[in-house]
Amino acid sequence: MRYTTAGESHGPEEIAIIEGIPAGLTLRQADIDSELARRQKAYGRGARQQIEHDQVTFLAGVRHQKTLGSPIALNVHNRDHQNWHTIMAANTPATAENTLRKVIRPRPGHADLVGGIKYRHRDLRNVLERSSARETTMRVAVGAVAKRLLATIGVDVHGFVVNIGPAKSDLSQLTQYADLDALRQVTEHFPTRALDAVADAAMRQVIDETKQAGNTVGGQVQVMATGLPVGLGSYVSADEKLDAKIARAIVGINAFKGVQFGGGFDTAEKYGADLMDEIYWSAERGFYRGSNHLGGFEGGMTTGEPIVVRAVVKPIPTLYRPMQSVDITTHQDHRAAIERSDTTAVVAAAVIAEAMVAIELAKAVLDKFDADNIDRMQEQVAAYRAEVRHF
Ligand SMILES: Cc1cc2nc3c(=O)[nH]c(=O)nc-3n(C[C@H](O)[C@H](O)[C@H](O)COP(=O)(O)O)c2cc1C
Ligand SMILES: C=C(O[C@@H]1CC(C(=O)O)=C[C@@H](OP(=O)(O)O)[C@H]1O)C(=O)O
């Protein structure tokens with residue numbers, strides 16, 4: 001399975017093409033739209049989310065709510081495009097009128113300056129249109145397809161907020177990676193606990209105060225996945241390690257600065273005897289572990305225990321009290337440009353991180369099992385699980 005996306009933030013459409021999804025997977029527009037809505041609902045976002053009502057259209061690869069095994073093409077319309085169609089026009093030369101919203105004062109922390117230098121763009125709008133996290137709409141759409149595929153083999157993936165600035169989510173006490181019972185409790189609540197964290201008054205307060213101060217704030221998100229077969233990914237080559245693929249996918253999301261598995265950076269202060277997940281066996285479960293400090297991975301392969309990935313999202317670069325920058329046309333000091341902006345993206349980021357983990361897990365499943373037909377894939381997974389139980 002692989003995918004690509006195209007689309008500028010204020011262009012007409014966001015597009016994704018996914019290859020390698022098996023034939024016969026049940027896929028409805030609603031499966032994807034519900035995930036897109038979760039990404040949009042987040043508290044702390046700017047006015048753009050009131051304009052957009054993201055809904056997917058299947059352009060190819062799906063017939064009568066079943067995948068065909070051919071490339072799946074999806075698009076989401078940018079409703080805001082109608083306010084930008086002159087500025088974003090593809091087929092008219094640049095004029096004084098349609099370059100009115102030229103960006104020449106790069107925002108520290110965004111891709112503006114480096115992107116402009118690299119691609120020799122003198123209007124930094126040419127950079128921000130694609131570096132914008134608007135594109136993550138399509139990653140969530142692709143992730144929704146991945147989640148549908150994973151659900152057919154009992155794999156559940158879920159992301160939630162751990163903290164926004166100093167305010168911790170009410171879910172944070174349930175995220176002790178070492179306590180499997182606590183983890184299972186969270187996973188049981190997956191569908192309903194989704195993003196309730198944002199209802200947390202302390203978080204709202206942090207977001208409101210940050211906004212009032214013309215500032216922005218970041219935080220941490222966590223993604224957990226349960227029901228995984230043992231042995232997805234491989235230790236044999238560095239580029240086949242599934243934890244490494246997930247790390248890359250997570251840090252590839254706009255504004256993500258770090259990722260850890262299980263105990264992650266805390267393991268630096270632990271001794272081996274307190275860290276390794278001891279091995280047990282029972283007739284009904286086969287091999288299992290007494291703890292999950294290592295977050296579900298050994299040797300770049302799934303151990304069968306829940307995957308626990310935590311990641312850091314930096315504060316949004318665009319500040320309503322802008323920081324020092326330099327005008328690229330005059331080289332004079334100037335405050336950075338203000339584009340309409342979010343105060344925090346942490347809640348949406350949890351949904352996006354969940355999508356990226358789902359995509360990497362789906363790819364790993366399709367690398368290991370039949371990728372032509374969903375029933376055959378399921379049969380192979382079931383046969384493999386039976387074999388593993390008797391190892
Ligand atoms: C969901 C989401 C929404 C975002 N919204 C904004 C925004 O409104 N304004 C902004 O300056 N950056 C925003 N960002 C962050 C920028 O897209 C990101 O910082 C930029 O592309 C530079 O990439 P980097 O932070 O990964 O280095 C958002 C990120 C995410 C994940
Ligand atoms: C459009 C989305 O996020 C955008 C991400 C973003 C950025 O710089 O990353 C900047 C803002 O763009 P705009 O100026 O159009 O409001 C956000 O709204 C979205 O997530 O759907």
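Residues are numbered from 1 along each chain as its sequence is written, while chains are lettered from A and ligands numbered from 1 in the order in which they are written. As the model is predicted, local features need pLDDT of at least 70 and side-chain atom pairs count only at pLDDT 80 or more, whereas totals for chains, interfaces and linings use all residues.

Q: What pLDDT does the protein chain average?
A: pLDDT is the predictor's confidence in each residue, from 0 to 100. The protein chain averages 91, and 92% of the residues score at least 70. The model also scores ipTM 0.99 and pTM 0.95.

Q: Over which residues is the pLDDT below 50?
A: That is residues 189–198. Beyond near neighbours in sequence, this stretch has 22 contacts in the model, a contact being two residues whose C-beta atoms, placed from the backbone, lie within 7 Å. Where pLDDT is low, the predicted coordinates should not be read in detail.

Q: Why is Ala 255 called buried?
A: A residue is buried if 20 or more other C-beta atoms lie within 10 Å of its own, exposed if 12 or fewer, and partly exposed in between, with C-beta atoms placed from the backbone. Ala 255 has 22 other C-beta atoms within 10 Å, so it is buried. You can find Ala 255 in the loop between H9 and S10; helices (H or I, at least four residues) and strands (E, at least two) are DSSP runs, numbered from the N terminus.

Q: What makes Arg 79 partly exposed?
A: Arg 79 has 13 other C-beta atoms within 10 Å, so it counts as partly exposed. Arg 79 lies in the loop between strand S6 (72–77) and helix H3 (112–119). Leaving out residues up to four places away in sequence, Arg 79 touches Ile 51, Glu 52 and His 53.

Q: How do you know that the buried residues of H9 line one face of the helix?
A: The buried residues of helix H9 (residues 242–251) are Leu 242, Asp 243, Lys 245, Ile 246, Ala 249 and Ile 250. Seen down the axis of H9, they fall within an arc of 160°, so they line one face; the arc is that of the directions from the helix axis to the C-beta atoms. They pack against several elements, among them strand S10 (256–261) and strand S15 (307–313).

Q: Why are S8 and S10 said to stand at the edges?
A: The open sheet of five strands has the order S8-S7-S9-S15-S10, with antiparallel pairing. Strand S8 (167–168) and S10 each have a single partner strand, so one side of each is left without a neighbour in the sheet.

Q: How do you know that S7 and S9 pair?
A: Two strands pair if DSSP finds at least two bridges between them. Strand S7 (residues 156–164) and strand S9 (residues 219–226) have eight bridges, in the antiparallel sense. One bridge partner couple is Asp 156 and Thr 226, and another is Val 161 and Val 221. S9 also pairs with S15, over seven bridges, where Gly 219 stands opposite Val 313.

Q: What makes S9 largely enclosed by the rest of the structure?
A: Eight of the eight residues of S9 are buried, so the strand is largely enclosed.

Q: Which residues come nearest to ligand 2?
A: A residue is near a molecule or strand if its C-beta atom, placed from the backbone, lies within 6 Å of it. Of the 13 residues around ligand 2, Arg 48, Ser 132, Ala 133, Arg 134 and Arg 340 come nearest.

Q: How many residues surround ligand 1?
A: There are 21, and the closest are Ala 133, Asn 254, Thr 318, Asp 342 and Ala 345. Helix H10 (residues 346–368) gives the most to this shell, with three residues.
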